[in-house]
Amino acid sequence: MSRHPRSVKPLAVLAAALGAVAWPVWPHVSEMGLVLLLPTEIYMAAGAWTVALTVLALALVPPRWAEAPFRPLTLARGPSGPGQQPGPWPSLATAALTLALIAAGLSGSRDPLGNPLPLAVWTVFWIGFVTLQGGVGDLWHWLNPWRGAAALIAGQGAPLLRLPERLGHAPAIAGLLIVAAFAFAHPAPDDPAVLAIAVALWWGASLAGCVVFGTEVWLARGEGLSALLRLFAGLAPWGGPGVRVALPGWRLLEAPAASTTAGLLALTTLSIGSFDGLNETFWWLALIGVNPLEFPGRSAIIGQTVAGLLSTTVLLWAVFAAAVWAGLRLARAEVTLATAFARLAPTVLPIAFGYHIAHYLTTALVNGQYVQAALADPLGTGWDPLGLGPVTVTTGFLNTPDSVETIFQVQAGAVVLGHVLSILLAHAAALRLIAEPRRAAISQIPLAAFMIAYTFLGLWLLAAPKGA
Amino acid sequence: MSKDLKPTAPNRRTALKVLGAGAAAAAMPGFVPYVQAQSSAPIKIGFQQHRTGIGAAYGRWYGRVTEAAAKRLNDMGGINGRPVEIIAEDDGTDPRRGAEVVEKFATRHECDLAFGTLFSHVVIGSSPRAGELKLPYFVVSEGHHVASGKLNRYTLQPGITDVKSQVQAMAPYVSANLGKKVTMIFPDFAFGHDHRDFFTAAMAAQGGEVIEHIAIPPTETSFTKYFPKIPRQTEVIYHVMVGPGVLTFVKEMGEFFGPSAPAIFGFIDSLEAVDIASPGLEFLEGSYFWEGMPRYAQADQTSHDKLYREAVGVDANGASMADGKDVSTFAHMFGCWETLHIIKAGMEAAGYAGPADRQKLIEAVEAMTDMPLSDAHPQGAKVFNGKTHQTFGHQYISQVKGGRLDLVHATSIEDTLYPDEVDYTKMSF
């Protein structure tokens, strides 16, 4: 079974000359096979109809009804103004943990599913913590591994340099794209040693950013992961002052209008998630000239993956901006495109968050077991301080139609819920931009069409055959 | 650890003396040549594992079998009295990383050899580097690339048969029992083309005929439109579809034929690690599959099969003992077990003491011929061809009955033989 990737020409020629036979197999192939047997087109139609009906309902109900779910209920009163600044200790503890994980990456097991570093970064942090942050709120504000260290180095004095306002969130966008490019395009992002170096560089560079430009500024506009986490934290249902609760997203509406680059950052979180699904599909592999049944390995398609990530991002920016522009034209609204874009772009965050949950659910269910196995034997000596083991990792639930269908339903549910929430948020945001309700509703027509189409895309990404 | 565990490199004279002693000892029946045990440093075996990437489902099971085999070897006293240490490195199922991993084994981990690669493109990408580094490279890939002569003296496949012999050996049974007129349905790329070429020739040699070749584009996910191309006089359908569309393919083929289907023969590769009792696969009832090793324990299960399953943690249905739904890659993974046992036998025959003896190890394995059915070879007896660096062995044909696979035929080893295409022993080291 030879795989003769067209994009790796020398290999292709050699392999073709050999006439060798490849054994094409996929991780979780049975899951994908079972998903292909599900009536996924019905799920797609149902999801898109749900979103479309939400749009219709919003057009018909009085504006105050549309805004009501986002009006917070005050459970406890508290002082307004900036919240309490976190002390250095939680952050210093995370920094120490980060450094210990880097050391483990360099010197520990070479197994990406056994070494604690790749498990901590990709499963616990990227899948787990990002989800937690969106559900609970800004834990990262307390736990990021830079605040404490930066305070130790720079003290409480003024930052050395000012990060130019006109750059806005551009450094964070660039940073987030670098992280995504590393995750999707690097041949071995979960190799413990490779990842250790990457994390060390990232930690060091971000610490330097915090010291030079000030922690608050750098984590908000410079460091991509923190910026993403702060955006997702805005989706938590509760917030201050005191304790106030409403439908997730209300804090995005209460926040001061974002800048254009902050809007682009929000769209980038969505484009990254979408491309992470897209780049596994038969459709994408065929587009870049790769036979999906003989995937040549990540190292053969680095350029295509980076180009795909960047073009997906730019395309999404352009399509979203065009939808906002068309809406303003339709409604004859006297709002500038920049203002409307900055107000509306963050409303895609629930879509990005819903897709994050859906896309990583299977990986979380499998790799979560490896995390448990690692915790059950933290030193590789058989010592199990938490009494968690022994753990035998299984993927049997991906072999069973019932569990595969349940997983698919949860995934589809997360995607559809995310879109419904985004539609509601966008409508409420439009009412704040355009006072006259009828014109506000008209302005939402192109954006609603975009979101219905995106529902299809999100569900299709879950259901499409994949080969990488 | 402060203790220096590095083996002392023997000079040439001691090495020769030791070799002589080892060879003499190895010649004595029942004698375990522990004479080499002057060093307690482990034998380091670099395991090139598909831990991530498209081969991960296989890599997980190759890992379990490798661990189980290493444990058994160590329980038996190791190799030449030295413990066996498995050093696993993930290659991401990526040829370029594969070559890097081989290099790491040789230079960073100071492994004695590399082992365990499945995917052919990774073997093909890694083998040249192993040759340059003079690192013995024992692959478990089934590819014909070893026996075809395009690799090198340092690359061997002694623990698993190659696809050419597997496909060829199916023809006598198919033509004698299922029918002479065959329609082949295969994915339209090298993997499918190899099946097409090997099987078409083998059927002709048996007096049968492949009357239609239906090549399916790799991106296809619905197959109904291809079935009308199956000629009416077809007696046997030979399918080797792979990828996520396999279950859909089987379901749609069942819907197309209804109850009056021709005999159906396939390669278990299509459904490796997939539960045969999955819904949609009911149509496979009564159809036939090649299996490298029968997934379901048979009524006449050997003690070797039993021992192997227990050691690996696989039940009588070929699934994990910890989760009966977690179906293993049973038809292929025995190759890791057998290869590690062959490495032990080779090292002991060569009196292997360290990297300086790598050539001796290759020569010792090249000198091997018969490998009888045993705990070391639970899949069955094998005959190793030192010239082509490829092993030959029994192939199994099973029938789906009641949602499980029952063995109906084991081929002879002779059925699997074909003329040598290379003599690696004539290549210099």
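Visitor: Where is the place of B:Ala273 in chain B?

Guide: B:Ala273 sits in the loop between strand 9 (263-267) and strand 10 (288-291) of chain B, where strands are DSSP runs of E with at least two residues, and helices runs of H or I with at least four, numbered from the N terminus. This is a predicted model, in which local features need pLDDT of at least 70 and side-chain atom pairs count only at pLDDT 80 or more, while totals for chains, interfaces and linings use all residues. Residues are numbered from 1 along each chain as its sequence is written, with chains lettered from A and ligands numbered from 1 in the order in which they are written.

Visitor: And is B:Ala273 buried or exposed?

Guide: B:Ala273 counts as buried because it has 28 C-beta neighbours inside 10 Å; the cut-offs are 20 or more other C-beta atoms within 10 Å for buried, 12 or fewer for exposed, and partly exposed in between, with C-beta atoms placed from the backbone. Its phi is near 70°, a positive value in a residue other than glycine.

Visitor: What about phi of A:Arg332?

Guide: Phi of A:Arg332 is also positive, near 50°, but this residue counts as exposed, because it has 10 C-beta neighbours inside 10 Å.

Visitor: Switching to strand 8 of chain B, which residues point which way?

Guide: B:Val236 and B:Tyr238 point one way, B:Ile237 and B:His239 the other, and all are buried.

Visitor: What does B:Tyr238 stand opposite in strand 9?

Guide: B:Tyr238 faces B:Phe265 there, and strands 8 and 9 of chain B pair in the parallel sense over 4 bridges, pairing being defined as at least two DSSP bridges between two strands.
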